Protein chains: 2
Amino acid sequence: MSKNSSTTIQTVGRIANILRCFTESEADLGVMQISRETGLHKSTTSRLLSALHQEGFVEKSAETGKYRLGLGLVNLAGVVLERQNLHQAAQAYIKSLAEFTQETINISILDGEECINVESIHSPKSIRYTGRLGRRTPLHCTSTGKVQLTYMSPEQRQKILSQPLGAYTQHTITDPITLRIALAAVCDQGYAISNEEFEEGLVAIAAPIYDHTGEVIAALSISGPTYRMDSNTLQEFALPLKDAAKMISGQLGYIS
Amino acid sequence: MSKNSSTTIQTVGRIANILRCFTESEADLGVMQISRETGLHKSTTSRLLSALHQEGFVEKSAETGKYRLGLGLVNLAGVVLERQNLHQAAQAYIKSLAEFTQETINISILDGEECINVESIHSPKSIRYTGRLGRRTPLHCTSTGKVQLTYMSPEQRQKILSQPLGAYTQHTITDPITLRIALAAVCDQGYAISNEEFEEGLVAIAAPIYDHTGEVIAALSISGPTYRMDSNTLQEFALPLKDAAKMISGQLGYIS
DNA sequence: TTAGGGTGTTGCGTATAATGCAACAATGTT
DNA sequence: AACATTGTTGCATTATACGCAACACCCTAA
């Protein structure tokens with residue numbers, strides 16, 4: 001399966017495809033593996049990788065000779081994360097939220113037609129949802145995604161809802177009309193819930209974070225397994241969640 | 001000033017130079033600004049940026065038309081950070097260390113001849129050291145750097161110490177002999193201190209984190225302003241710091 | 001209003017730079 | 001030991017990215 005993204009500059013697309021080959025489960029890759037996955041000639045792959053190596057975008061294991069993503073990327077990502085003042089603004093509040101709930105806390109922002117995690121504190125419990133930094137999740141079946149859908153521009157929402165909505169579990173809402181009704185409820189309540197709509201056994205609740213212009217720029221969520229996140233617990237969590245989101249918004253200059 | 005890094009593949013070097021133009025203080029850049037800084041023709045710059053945009057490595061502000069680093073980088077960096085199990089292993093311990101000390105906690109790992117921050121909790125105090133994710137710091141004048149220097153291979157240490165040691169402040173140790181003596185002390189005590197050697201008014205103390213093979217893979221540090229981090233306080237912090245580092249090492253499979 | 005400096009994008013012909021080939025070295029495997 | 005697989009490198013070729021220049025857009029100022 002070759003990943004394609006037609007680009008004005010070929011090399012940029014090739015580099016992107018190479019870098020995207022690396023995942024959590026496939027962290028170390030050899031030249032041939034990448035060559036096969038991208039459809040590039042092995043010599044080309046070898047040369048691109050060695051160039052990426054020089055720039056610190058990938059590392060090369062001395063023992064195995066395999067490549068892995070490099071710390072240069074962390075360096076650049078740090079600049080991105082710092083830009084959103086979210087990190088500093090949120091830290092105190094998500095920490096106390098994590099302590100109170102004992103569940104995993106995430107903050108994610110909208111990137112195109114997906115959510116991307118920019119902040120996360122894991123639950124101390126062994127059974128937990130781990131939303132790692134940089135992870136992308138769909139919009140229509142996650143709590144944070146629903147928040148984003150609720151507060152985005154009508155045109156953008158229309159565009160996304162007019163595409164087929166993938167069924168991740170039996171509970172995923174795949175009908176745009178039903179989803180729109182759910183989003184209306186989000187608007188009323190000020191929070192969104194995803195009840196095993198993205199992953200079996202996973203329940204989450206999310207609330208919007210506003211910036212100084214009054215726009216929703218992120219969503220704060222609590223995620224946990226079904227058996228700990230029953231409807232009573234969700235009720236109990238809703239207010240602290242909304243409070244924390246409001247406090248973070250305040251830090252960003254939002255006047256409610 | 002044009003940044004050069006001779007690479008086997010020109011485009012990779014150019015892309016790297018472009019991406020490195022973006023910093024915290026200069027987060028939004030126009031085509032011409034980047035063109036000037038990299039020495040690339042403006043048309044080339046424009047095309048490279050638009051290609052990078054398509055791949056999500058940069059974003060383009062709709063209002064200003066300026067570019068900024070994109071979330072695609074966060075995505076890739078997440079894979080890197082997840083690889084080190086540090087994040088999960090450390091979280092509980094650095095949180096309690098942060099609470100106990102009320103100062104900024106960082107974890108940094110060695111990357112080439114620098115340290116790079118992979119984890120940080122900011123002090124709640126308004127006067128604080130903020131070691132953002134992905135930030136690079138020198139080895140010879142930081143607490144974490146000294147830890148890394150102490151436990152690296154003699155050849156590597158020799159190589160670094162044979163280069164000129166930059167004076168960041170009046171207190172920076174620039175004499176390799178003096179530094180070697182200081183490192184010997186680190187080995188004895190199990191922790192390193194940087195007393196305004198990197199930045200005026202900044203004091204830090206760091207201890208090594210070991211992985212399951214018994215190698216030092218990271219350093220855990222507490223940083224704060226001089227007036228709060230006097231020698232008594234440092235003494236008081238040393239043991240909890242070493243304990244936390246030991247516990248994290250244990251999580252990574254280290255048997256002491 | 002027009003003129004003007006600065007910026008960002010795009011078509012086009014050219015020349016450079018990246019490519020694929022193939023041979024080689026370096027592994028690991030039967 | 002023979003084979004299979006992988007990763008690297010020299011070299012000739014051509015496809016690719018380049019620089020030019022013209023254009024389209026802001027702005028601000030006169």
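In this predicted model, a polar side-chain atom of A:Thr44 lies 2.4 Å from a phosphate oxygen of DNA strand C. This and the two pairs that follow it in the table are polar contacts (pairs of N or O atoms within 3.5 Å; within protein, one must be able to donate a hydrogen and the other to accept it, and residues adjacent in sequence count only if both atoms are side-chain atoms).

| Protein atom | Atom of DNA strand C | Distance |
|---|---|---|
| A:Thr44, polar side-chain atom | phosphate oxygen | 2.4 Å |
| B:Gln10, backbone N or O atom | phosphate oxygen | 2.8 Å |
| B:Lys42, side-chain N or O atom | base oxygen | 2.9 Å |

The elements giving two or more residues to the surface near DNA strand C are helix H3 (42-54) of chain A and, from chain B, helices H1 (10-21), H2 (31-38) and H3 (42-54). Helices (H or I, at least four residues) and strands (E, at least two) are DSSP runs, numbered from the N terminus. H3(B) gives the largest share of this surface, four residues.

A residue is near the strand if one of its heavy atoms lies within 4 Å of it. There are 19 residues around DNA strand C, and A:Arg14, A:Thr44, B:Gln10, B:Met32 and B:Lys60 come nearest. By class, the surface has four nonpolar, nine polar and six charged residues. Here Ala, Val, Leu, Ile, Met, Phe, Trp, Tyr, Cys and Pro count as nonpolar, Asp, Glu, Lys and Arg as charged, and the others, Gly among them, as polar.

H5(A) gives the largest share of the lining, five residues.

Zero disulfides (cysteine sulfur pairs within 2.5 Å) are found over all chains. For A:Cys187, the nearest cysteine sulfur, that of A:Cys115, is 17 Å away. A:Cys187 counts as partly exposed because its relative accessibility is 47%, the class between buried (under 20%) and exposed (over 50%), with a 1.4 Å probe and protein chains only. B:Cys21, at 3%, counts as buried.

Residues are numbered from 1 along each chain as its sequence is written, with chains lettered from A and ligands numbered from 1 in the order in which they are written. Local features need pLDDT of at least 70, side-chain atom pairs count only at pLDDT 80 or more, totals for chains, interfaces and linings use all residues, and side-chain values use heavy atoms, leaving out hydrogens and water.
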